[in-house]
Structures are given as C-alpha cells and as structure tokens.
Amino acid sequence: MMYAPEHLTEKRFEKYKAALRPYDWFPQIETLDFESLAESDRVYLQDFGLFNSELEEESFMLRVRVPGGRVGAKNFADIADIVEKHDLTLLLTARSGMQLHGLEAENVLEVFKQVNAMEGLSTWQTFGDNVRNVVTDPFDGRGKSCEIEAFPIIEKMHDFFHKNPELVGMLPRRISIGITGMRENSWPLFSNDLFFGLAEKDGQKGFNVYMGGKNTEVSRPADIFLGAEEVVDFAAAVIEAFNRHGLREKRMKSRLFHMIEHYGMEQVKAFIEEFYGRPWRSAGKSLLRKRRFGDMEELRDGTYGYRYRTEYGVITAEEAKRAADYAMEHGAEVRIGIDQQLYLLGLPERGIELPRHETAATVVACAGSEYCPFSYWSIKEEAHYLPRERLEKYDIKVGFSGCMKGCGRHKHADIGIVGLRNSKFGDNDKSARIFLGSEYTAGKRPAEVVFRTIPVDEMNGMLSLLIDAFEESGESDFEAFTAHVLNRFEESFVEFFFLARRESGLEVPLDPTLSAEELTERFGERPYVRIAKTEGYAKASDAIVKKLWHAEKIRTVYHVDPSKRRSR
C-alpha cells in the first residue's frame, strides 16, 4: 500500500469534490477496470473504503467500519471465510474496525460487495475526508460502570452521516468521534476530533463535549453539557459546521483542531449553533475515572467478558473463526476494542478454552512497514521485544507508531514510541523516539518527545529504566508517576537524567522534591555532567547518545547479543 506525497494532494482532493461528488461517482464502481485505474478513480474509491496506489497497482486494501466495534460473531466468521478464501491478511484497527490486505483486481469488487451486504458493517467513509468509525469502550452497555449505553446514540449518528450525499467524501478532512457512557474505560478517547465523555449536571447524567483532538493532540473542553437525547443533533451540527466553515487551503492544516486554532473555540461554537439551533448548558462534572482491566471481567448481568489477545491487531482466519464459533456456541457477542483486541461478551462462566497470543494487551501498535509505506519499522514485530511482563504488571499503556502521523496513538499513552531512522551519528539506522508526559485519563495533556533518538537495541533498556524509576517512586500507576514526578521537570532534563543513569550505572532516584540542578550533581564529575552545566542538557544527552550509537555499531559488526552486554 502506497500513498501520494502530501504536497501533491493539496488541491487534488478539493478539485475532484468540486467536479463530481463522490456519492454521484459511486455507480461507476460497477464498471471500473480495476487493472487500469485513473487517478480520479483512486481518489474516489477511498471514500468507499478501497485503497490502491499506482505504485502498487496490483494490490488493494479494504477498510471496514464497525460502529462501536460491535462486529458480531456471525459477521466475524463470515469475514474470516473471506480472508481464508482469498488468502488475505486481517488487521483489527485502533478505531475498532478491520482492514483486509492483499486484495487483487479480480476479487476486490466481489469482496467489497460481500462486506457491504453484511448487516451492521460498511466500507463507506473509512478513508478520505469523511466521518470515520465512531468508537466507544468495548464494555459499553455491559460493563459494571456503564451509566449510559452509547451504542444507540452511535447508530443514530451513523444513520445521519453514513450515506449522506452532502457529506460522503466532502469534508475538509476526516473527523473522528468517540463517546463513552462508562465511568471506567479500558482506553482513553480524548484523541478524537469530537469526544463525548460521561458527566453529570444538576443531577442528570449526560456528556461533556470535547473538541479538537487527533493522534497528536487531546480534545479540549468545549464547556458544553448535553443530555443523551441531545448528542446526535449536536454531533450532526458539528459535522455540518466543519463542512461549511472548515479550512480547505492546506490539507495538513484542515482538521477540526486547526479550525479551532484559526477561529478560536467560541467562534467554532457559534458556527455549530447555526446548525444546532438551540441553547446548550455549560459543562458538568466529569465522571471519568481510571481502572485497570484484566483479560476476564465480570459484567453487570453476572456474565463475563473475555479479552482475546491478537498479534497486536493481526488475527488469522483460523483464529477469527475459532473465536466466532466459540462465541456463538456460548451465546456471546463479539466486539473489537480500540486496543486492537477482540472481546467476547456474555460468556456464562469465567473459564474459557481459547488459546491466546503472549502479547502485551497494554500495547497498541500501528500497521507497520508490512502494510503501510509511511512506517520505518515492522512495528508489530518490534512490539514483541518490549518488556511485556513489566508493562503488563503495572498496566503501563504503550502507543507504538512507525511514523510521526501517530496511528499507534503514541501521544495518548503512558509511554509513546515512534520508530524512525536517524543519520545524525553516521549511517541511516533504526532509532526510537520516546514520548512521555501524557495525562490521558482526563485528557489533560498529550505526551511530548523526551528521548530524541535512541538506538533500537537500547530502546527496551530505556523503557526498563523508566519502569525502575516508577517502581522507586511509590506512585499508584504510571500516569500518576507522570503527573507527580516526570512532569515536574523539563523534557530535556528528563532525557539527560535517564541517559546519565544508564551511562553511569548509578541508581539515582528521580526525586521530585529536588531541582534538576541538585539531581545533576548526584552523577558526580563525569564529562557529560560538565557539558550539562556549561552547554545545557540537550548537548549532554547528545554526547551520551553518540556513545550509544557507537556501541550499537560495534555490536552490529561483531554480532554481539545486546542482552549479554556487560553491565557498567
């Protein structure tokens, strides 16, 4: 799968929208020659879930929207049959949807029709400038902390925009929507352009509104409270206002986030009011709180929900059929979570007889270089080398992306990782950029880059040092450690502190009652300490990282196993 360079798409999409609405183009799909597509065909196909590039003309990918992640056991079994028949690869996405990779010209239209004929599934508006899959918590309506079931609201939203001729492919850019009526959520939802979070106002349970999130930003409070019955009309008004007043000049600056940056929140709310047509109340008290979820959860009706661990979103046809059959046999439903895991809800007993992958359920990994040309790494493969047991022990959430676009949600996790390549210290080699600082449960702030370039073989060592410091802090969870310890210091100092701790071998605790200067003194009179004092922490970190890159090259030449490296 390949994508056109961003600068070539600045005007192209708007040109095609003006010439012919995607909805009006759609009937042509029946007569397309999929072996010889025009550029316009490729653009329009995205609005209906099909991706193809002139650089890989023979390969197609189909993206499937699953509202609220409720795929259903029968649908999931049917998808597995399609995957098996055509030798495809099935990925579960971080928006509770699915991707079918490996389609070809001779079968793509057949599979497109089969999927769109399934009740509750669709491929419309899954790429391009559209309203993407509306997501919620996988335990929506069945979890013990659920106050308002979101799915009926999601269905009504879907009915509004799904095949709306004025909206299909016509927005300035994509818009993502999340909603939760759960007090406790398995993963945060503040990365959405539009988020409705459970709240209370004047004794009424409803939703606070947050706007302007994306993979690299958190949604901001809009100071609006809505009852459940008001959400659909408000969401429709946001979509209409975005379509009418959103920025279209530059695609990289055309999300709802940029509209808010350009006009200000109050003016954007005024645009929304044009379509909403009635007053709203100011925000209520947020009811969102943090809780750790396990593989087996008791539900509000006394049945059980099971989290089936995929291979970081990859699931074979055999696995999918086995899980679907098991669910149907035991009267359970099947859902896809925004954590790329499969959920079987309504099981009569706690025990379950399904084999599972030994993967970290707290890690979300982007598609990676096997399925996306933007990615520099095979992310799903590299995820296997993270310190899984320690991450799971403390429920540390990791977002792992293969590029700065952030499909692994690296800025909405306890620890974010972006796999890149770096030539600063010589050859163009794999390097990890590590992000810290996210306070995601309440959408307070996204993570920011701390470690700018770490050799791939040092990545897990740095994560282990971070977990060591968390253990030493005595904080209840990593997010609390972030808020009370890491975020007390500048990012440049945090980078230096952990690199100095790794380089010196000294177990210096990161004491938030001390200043950065006092902590720096704990490392003695080492060369990088002198650099920190005279040239700043960034320069001192560069000096340490340069040594790490040199050691990496020696290990590469002499095939030294980094796990057997002598400790300092």
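Predicted model: local features only at pLDDT ≥ 70, side-chain atom pairs only at ≥ 80, totals over all residues.
Strand E2 (residues 56-64) runs antiparallel to strand E4 (residues 98-103), and five bridges join the two.

**The sheet and its helix**
- Helix H5 (residues 108-116) packs on the sheet and touches E1, E2 and E4.
- The direction of H5 makes about 5° with that of E2.
- The open sheet has five strands, in the order E1-E2-E4-E3-E12, with antiparallel pairing.
- At the edges you will find strand E1 (50-53) and strand E12 (314-315), each of which pairs on one side only.

- Helix H1 (residues 12-19) and helix H3 (residues 39-46) have axes that come within 11 Å and cross at roughly 85°.
- H1 is therefore roughly perpendicular to H3, as angles of 65 to 115 degrees count as such.
- On the H1 side, the contact involves Arg12, Phe13 and Tyr16, which meet Glu39, Ser40, Val43 and Tyr44 of H3.
- Sorted by class, this contact of H1 with H3 holds four nonpolar, one polar and two charged residues.

**The nonpolar cores**
- The largest nonpolar core has 58 residues, and Phe34, Phe76, Met98 and Leu342 touch the most other members.
- Helix H4 (residues 73-86) supplies the largest share of this core, with seven residues.
- Another core, of 57 residues, lies apart from that one, and its members include Leu391, Ile415, Ile417 and Met462.

Notes: Residues numbered from 1 in each chain as written. Heavy atoms only, no water. Pairing = 2+ DSSP bridges. Helix = DSSP H or I, 4+ residues; strand = E, 2+ residues; numbered from the N terminus. Contact = heavy atoms within 4.5 Å. Axes fitted to C-alpha atoms, helices over the stretch in contact; angles between N-to-C directions. Parallel < 35°, antiparallel > 145°, perpendicular 65-115°, else oblique. Nonpolar A, V, L, I, M, F, W, Y, C, P; charged D, E, K, R; others polar. Core = buried A, V, L, I, M, F, W, Y, C linked by side-chain atoms within 4.5 Å. Buried < 20%, exposed > 50% of the residue type's maximum accessible area, 1.4 Å probe, protein only.
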